[in-house]
Amino acid sequence: MKIHSFNVVPNLPDNLKVLNKLVNNMWFAWNWDAIMMFVSMDEDLWHESKRNPKWILGALSPEQIKALSEDANFIKSLEDVDKKFETYMNYKDTWFNTHHTASEKNMSIAYFSMEYGIGEGLPIYSGGLGMLSGDHMKTASDLGLPLVGVGLLYKKGYVKQVLNRDNWQVETYPENQWHSMPVQVVKDSSGKPLRVEVEIDSEKVKVGIWRVPVGRTSLYLLDTNLPENSPEKRVITEQLYGGDRANRISQEIVLGIGGVKALAAMGIKPTVYHVNEGHSTFLLFERIKQIMKERKVSFKEAKETVWASSVFTTHTPVMAGNEYFDFDLVKKYMESYCKDLGISFAEFLEIGKEEETSMGYCMTVVAMRLCAFVNAVSHLHKDVSKDMWHKLWPGLPRYEVPIDGITNGVHISSWISHEHQDLYKKSIPPQEAEKDSFNNLNWEKLGDMDDKELWDVHMARKKKLIKLVRGRLKNQYKRLGADHTILDEIDNILHPEYLTIGFARRFATYKRATLIMRDMKRLAEIVNSKGMPVQFIFAGKAHQADSSGKEFIKEIAQYSMDKKFNNRVIFVEDYNMNVARYMVQGVDVWMNNPIRPLEASGTSGMKAAINGVLNLSVLDGWWEEGYCPEVGWAIGGSEHYKDDEERDYVESEAIYNLIQKVIAPLYYERGPDGLPHEWMKMQKSSIKKLIPQFNTGRMVKEYYDKFYIVAHNADKKLHDKGKLPLIAAWRKKIEDNWQHVNVAVDSFKPEMEIHLGLKVPVRAIVHLGALSVDDVDVQLYIGDADGESTFKNGKTISMQYDSRDGDAYVFKRDVECLESGRHDFAIRVMPKHKDLVHPYMPLFVKWNEK
């Protein structure tokens, strides 16, 4: 039997037709006026649709549509929202348009990620990586940055969490109804759905392309669930992070190789590629393959362009968090692909081995070797990453490993409550408040907010959070068959006047959700305090395969509505973007206690800070940069513990002491007007100090300034066909002759004491083999030695060529003695070429041995 399908769309009167445009652009997700307009159409449908206005439009009855068309207030609201949308879309003086130079005019950035958290109505996300990718896209739109996103279209959406009677997490995966979501099939010039083809396990797999408009930008999603494909290949894009290892490598082939092919098929020609985490790393090989074919160059020549114009962001601070594939699996799926690259499978494997003895093919290693620009997602994570990956640059001091740090941020308009947004705009001139959706503002002005207005807004959000929690708890207990006495009791849980602490995130064990429950007696004292009661709201999901994370959920959920805590410890089922939004907007304190330094960045605390919520956190990720006593509280410091038991004891005690002795007393300290003025002083400090720094406006601009500009200009420079053979020939010359390079310090015998202000002459004797002085940079390296063979820190000064000495070259440089104390130095030789963005990959370095 063959089933045929057709799609019915609403028949809108002329004055409502503009809705078709508005429901098909995710711009509404960060615009309150648009959201309220859609809510006014039918509030029940808004919640049922998971905030998906396109679904609502299709669910309205003809009678409802007619009523809306005759509702003058709704038509006025629709016209206002449409005007705002058109103004946004057609705004010419965006940040990019007013800041780029002539050389960046034709910049085009392709951003690849496995998941995107744009909005609940587009459930193609799982956790923090997706939230960041979504916020990156929205910010690119706000800034007018010429960026497109590439991801996968998953048949099954974001996991739905249900707790059974034993409080054990059970997962279900609702199927996405794409005809009712803001996605559009990309078609070719003949009007047929556009297809590209990738080879997976010796089978040609067709890949469909869908477009999601995200403000001024577009997100392209790839789909193998097509009639043309075999049943085995149709399920490749069925579920985010689902299936076995074979399915995972298949997904990454579709995302990386298929993504590059899809952009080419649509005529999109990026000058910069951004690999967000290692899942899409195969795109780098497809880029090499395309350049080889288009420019008739070799693998090594094409690799130069790809390396110089690619950005890689790593998000994990532990080795186990990186993507590894067994060599046999890689061989099965990628060996035939190597033929198109003109390299052997053994050469292909070497690119993904971190060491010669490595037992797996690491996607992170591939990205670090094929991308000139690599970054971690906080300053602490940068240091951790340098330690993790120093093995790829063994001749460099650890601190010089070329991994930068660009701390994550959050998209302000997506996470701020509309009440806070309205309040903040009172302190900011209207014309500024609308520009770039809160980017480029003087947040210092918010220190002048009226205390009562700020507290009224905060309490309004807290009451809305409590209402949401009660509603979700009722639904949960109804499903479990609770009687009316339990349901009535839920109406009285949580009190808006009580100090409320929130904890919500993925329930990975390193995040230590149960740390607060280490001493149940102490927790009961805090919660049941007569004068200073405290209530806790928990939410979060564990990965479907993470039994330990599920045990944490069970441990917390069993105390939800426990009488010994007076219903003041609550676990909220089925955490999602909407629950997250209510929590970061409605609690008083945001608690975060991961094991340091395993939180690469973290962003939930930033979202809380936007809404005047104070952070209580371990000094990990972003909080190490954001913390000061005026804006929140630190759990411990950077101590090293003898074991896990000591660490958990010390840090849990710190949490109990801070809540009992500092946080609760400050919260309950009220002035004659009943307001906690000292608490609000901290709220204002947090808002004006943290928001300007920890937002994606700052983050994306940092990517642009540090990476995108340089990568784009490198791509333009190397697009000249004549450049690539020259650079490749120079690389080969370096490789062939580096074994003959050596350097020595010549007769350095300074006096025992050198007076401040004098100059010490340093002379180097350098042998270069067949290389010339123009091929190298001889550097005087001055710093603090860490033992006899490495440096803790330092700086380099290029030495000057002086003369020949037989078959050697003499270089000289004076060391200026500007500070008293010990000075350590060494001399090294590194390759130098004017068209390289940096000399660190592959790394060639020779240090003086004497």
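Predicted model: local features only at pLDDT ≥ 70, side-chain atom pairs only at ≥ 80, totals over all residues.
Residues are numbered from 1 along each chain as its sequence is written, and side-chain values use heavy atoms, with hydrogens and water left out.

The structure holds 32 aromatic pairs (rings of Phe, Tyr and Trp, the last by its six-membered ring, with centres within 6.5 Å; stacked under 30 degrees between planes, edge-to-face over 60, tilted for the rest). The pair of Phe536 and Phe538 is stacked, because the ring centres lie 6.2 Å apart and the planes meet at 20°. Phe536 is buried, at a relative accessible area of 1%, and Phe538 is likewise buried at 1% (buried: under 20% relative accessible area, 1.4 Å probe, protein chains only). Tyr559 and Phe565 form an edge-to-face pair, at 5.8 Å between centres and 80° between planes; both residues are buried. One aromatic cluster consists of Trp455, Trp633, Tyr667, Tyr668 and Trp679.

The charged end of Arg216 sits over the ring of Tyr88, 3.9 Å from its centre (for Arg, CZ within 6 Å of the ring centre and within 35 degrees of the ring normal). Arg804 is placed in this way over Tyr809, at 4.3 Å from the ring centre.

Four bridges join β21 to β22 (residues 759-767), and Ala744 stands opposite Ile765 in β22.

Conventions
Buried < 20%, exposed > 50% of the residue type's maximum accessible area, 1.4 Å probe, protein only. Pairing = 2+ DSSP bridges. Helix = DSSP H or I, 4+ residues; strand = E, 2+ residues; numbered from the N terminus.
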